[in-house]
Amino acid sequence: MGCTRKQAATSEPWRVGVLFSNSGFMAVIEETQLRGTLLAIDEINAAGGVNGREIVPVCYNPASEAAAFGHYAKCLMVADDVTTIFGCYTSSSRKAVLPVVERLNGLLWYPTLYEGFELSPNIIYTGAAPNQNSVALCRFLMANYGRRFYFVGSDYIYPRESNRVMREIVRNNGGEVAGETYLGLRARPADFLPVIREVHELRPDIIFSTVVGDATSHLYQAYADAGFDPKTMPIASLTTTEAEIRAMGFDVGAGHITAAPYFQGIGGDRDKSFVSRYKKRYGDDEPTNMCVEAAYFQVHIFARALEAANSMETDILRPMVLGSSLDAPQGRISIDAGNNHASLWTRIGRANRRGQFEVMQQSLSAVIADPFMVSCG
Amino acid sequence: MANSLKGGAPRGQDLRPAPAMGRLPVEASDLDIVVVTARDEAGETLIRELQRTRSRVRHVWPPPDPLPVDTDVLFCDLVPGLPARLPWLPGEPKAALVALVPSSVLVDLDLLRKATPEAVLHRPFTPAAIVASLVLARSRFAYERRLRSRIERLDATLRATRSVERAKAILMGTRSMAEDQAYHHLRSQAMERRVSVGVIAAAIVDAHDLLG
């Protein structure tokens, strides 16, 4: 059994699973995460692979259905002999994959901001936790626009949980939530008209959006059609990236605010070369965004850990991942050994007329994740 | 059989292991059991012994894809492709699984690990081993389920604690209550309304928000 196969396997590729949607209502952002993942894998292979062995992705398209993520995670781990999976955007999809990687002791690399309050030994979290984006965003908004917030979100785990946390932050900073509403993940343009009507009546200072997927465009478009002014009442978001701005149109997105660890426009040599490699592969008008960047750098973290471990066995690989650091496009980041979350930069950006975010404010270094908000009042 | 053997033979007189000593635990009796193996002599023994535990036993062969889901315990040959045929996601089993393996050839350990059975039963099956595997599988299955439910409740409690702390601070600030008074108020309101303290705390926090 095992022994002979392992000895012969020195030139065999390292197989990894990849789960992002190519279709369905989450494809706009998940396709960019797929691209970031594949770009990093290509770079590593072009440089000779890991310990002389190529990384080969085994990709499935869960088509934006949370249950399909669980199903394909099972296929990857029981039929395709994969132990490491890069994937998931929505929290529903992460929660579908979680029991599978926990029971079979795999690793899910999750490159998306999320609501916190989770810590699985079988997940590496490389997107922002609330203390890495929401807290700074809230303070920035209250200092610049006012204290009355209106919450609008898609109706699933992330927006509701994230707003629970945001509500607490808003209150602790002396602000108030004037209204809160949720729309289906497949909401149509017309579904946003009642939201706009309510905003007209309540006149908040800030619209805080956790709308995701195709519905993002509808919200910003409805806002533009209503003639609101982002200078006095911007839409602030943790999920609207360059990808969503491009989908809705640069003029529609201009002036609105997003908090993220990374924007394409942050500058610096590392970011510039990352952006140019991305554009070279996917086209000049394809922007990078925070989700591409996390999907990209986490593969490089994985490859370095794999080089040291020389094994895809989770119990051998994981110790090499925890505590490791990397010069990512966003700056120097690391994986906290205590909580499996990446320490990330906090940045506030405002979209300009070219579909890019101008950085209004940023942290002095990477901020350690506090997924359970233990030290955030 | 197990049910009739209360206490067993006095110690020291007969050192052979008894087929099954003591009562079948509640979690291992009165079950729906599906057996997926060839109906040879060993298969018949297995079905007969399981029937003697007063469970309802159904036999299926060859293994369907997916395997039947409406059962408490699944006794199934460790066939190639078994992990993919299980009608649940790993980590969220809907039934306890006992893997049936031959004694003459090496077990495929990778297959065994991926199938995540709660117990393993080697051919030829003996009545004692059959009952032991049933009890072990049900016990492990129930234990994991309790652990998962504990984690779920811990998660919920962690969230509720934040609301409780905020509600406490609101009561102390607006009603000039002492800390222990505030906690007592939350507890008594929860008991009166027959809801959890977390629910009451969340309501106070929301109301405080609305009042500005």
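1. Start with the salt bridge between B:R162 and A:E168, whose closest N and O atoms sit 2.7 Å apart. The cut-off here is a side-chain nitrogen of Lys or Arg within 4 Å of a carboxyl oxygen of Asp or Glu. By that rule, the interface of chain A and chain B has four salt bridges.

2. Some ground rules. This is a predicted model, where local features need pLDDT of at least 70 and side-chain atom pairs count only at pLDDT 80 or more, while totals for chains, interfaces and linings use all residues. Residues are numbered from 1 along each chain as its sequence is written, chains are lettered from A in the order written, and side-chain values use heavy atoms, leaving out hydrogens and water.

3. Confidence: the predictor gives the complex an ipTM of 0.81 and a pTM of 0.88. Chain B has a mean pLDDT (per-residue predictor confidence, 0 to 100) of 87, with 90% of its residues at 70 or more. Watch residues 1–12 of chain B, though, where pLDDT stays under 50.

4. Interface size: 22 residues from chain A and 22 from chain B take part in the contact (heavy atoms within 4.5 Å). A:K74, A:R103 and A:R171 supply 28% of the area that chain A buries against chain B, more than any other three residues (buried area being accessible area lost on putting two parts together, 1.4 Å probe, summed over both).
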